[in-house]
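The sequence and the structure are shown first.

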Amino acid sequence: MANRVVVTICGEEYTFVAEESASYMQKVGTYVGDKMQEVLVGAKVGRTDAAVLTAANIADELFKAQAAAEQLRSQIKGYLDEAGKAQAEVSELKREVFRLQQKLDSRNKG
């Protein structure tokens with residue numbers, strides 16, 4: 001079921017309709033509003049240009065976050081591969097200990 005939330009961005013009201021919770025949509029609206037305000041104050045541009053610059057800034061944040069997430073996934077995969085190799089090595093060492101123990105036992109009996 002879609003939720004409807006009215007958010008204020010730079011003094012204008014917008015109705016968001018989405019499956020996400022009202023608090024989440026409010027959070028998104030506040031984030032966009034804050035980012036737009038930063039651009040409006042920092043760049044001394046009009047609202048249309050501020051909206052485009054804000055969209056570009058948020059897209060930049062998204063791409064950097066995606067790259068960081070991909071790097072973390074790759075790092076985790078590397079750790080999992082290392083753990084798998086270590087686990088195989090432990091298994092092989094356990095088998096070797098077992099073989100040596102059997103060898104020692106057979107010498108002690110003989």
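The model is a predicted one. Helix α1 covers residues 22-43, a run of 22 residues. From first C-alpha to last it reaches 31 Å, close to the 32 Å expected at 1.5 Å a residue. The buried residues in α1 are Met 25, Gly 29, Gly 33, Lys 35, Met 36, Val 39 and Leu 40. Viewed down the axis of α1, these buried residues fall within an arc of 165 degrees, so they line one face of the helix. Ser 23, Lys 27 and Gly 42, on the other side of α1, are exposed. The packing partners of the buried residues of α1 are the strands β1 (3-9) and β2 (12-18), together with helix α2.

Lys 35 lies in α1. Is this lysine, Lys 35, buried or exposed? With a relative accessible area of 18%, Lys 35 is buried, because the cut-off for burial is under 20%. Leaving aside residues up to four places away in sequence, Lys 35 touches Thr 54, Ile 58 and Glu 61.

Thr 54 belongs to helix α2 and is buried at 3% relative accessibility. With the sequence neighbours up to four places away again left out, Thr 54 touches Val 32, Lys 35, Met 36 and Val 39. Met 36 and Val 39 are among the buried residues of α1.

**Positive phi angles in two loops**

Most residues other than glycine have a negative phi. Cys 10, in the loop between β1 and β2, has a positive phi near 55 degrees. Lys 44 also has a positive phi, near 50 degrees, and is placed just after α1, in the loop between α1 and α2. As for accessibility, Cys 10 is buried, with a relative accessible area of 13%, whereas Lys 44 is exposed, with 69%.

Side chains of opposite charge can pair when their charged atoms come close. A search of the whole structure finds eight salt bridges, including those in the table.

| Side chains | N to O distance |
|---|---|
| Glu 70 and Arg 73 | 3.2 Å |
| Glu 92 and Arg 95 | 3.0 Å |
| Arg 99 and Glu 92 | 3.2 Å |

Glu 70 and Arg 73 both lie in α2, three residues apart, which is about one turn of the helix. The spacing of Glu 92 and Arg 95, also both in α2, is likewise three residues, about one turn.

Glu 70 has a relative accessible area of 45%, and Glu 92 one of 36%. Arg 95 counts as partly exposed at 43%, as does Arg 99 at 39%.

**A nonpolar patch**

Leu 72, Ile 76 and Leu 80 make a nonpolar surface patch of about 310 Å². Leu 72 is found in α2, which spans residues 47-109.

Notes: Residues are numbered from 1 along each chain as its sequence is written. This is a predicted model: local features need pLDDT of at least 70, side-chain atom pairs count only at pLDDT 80 or more; totals for chains, interfaces and linings use all residues. Side-chain values use heavy atoms; hydrogens and water are left out. Patches are made of residues with over 30% relative accessible area and no salt bridge: like charges are joined within 9 Å, nonpolar side chains (Val, Leu, Ile, Met, Phe, Trp, Tyr) within 5 Å. Accessible areas come from the Shrake-Rupley method with a 1.4 Å probe; for residues, only the protein chains shown count as cover. A salt bridge is a side-chain nitrogen of Lys or Arg within 4 Å of a carboxyl oxygen of Asp or Glu. Helices (H or I, at least four residues) and strands (E, at least two) are DSSP runs, numbered from the N terminus. The expected span of a helix is 1.5 Å times one less than its number of residues. Buried means under 20% relative accessible area, exposed over 50%, partly exposed in between (1.4 Å probe, protein chains only). The arc is that of the directions from the helix axis to the C-beta atoms. Contact means heavy atoms within 4.5 Å.
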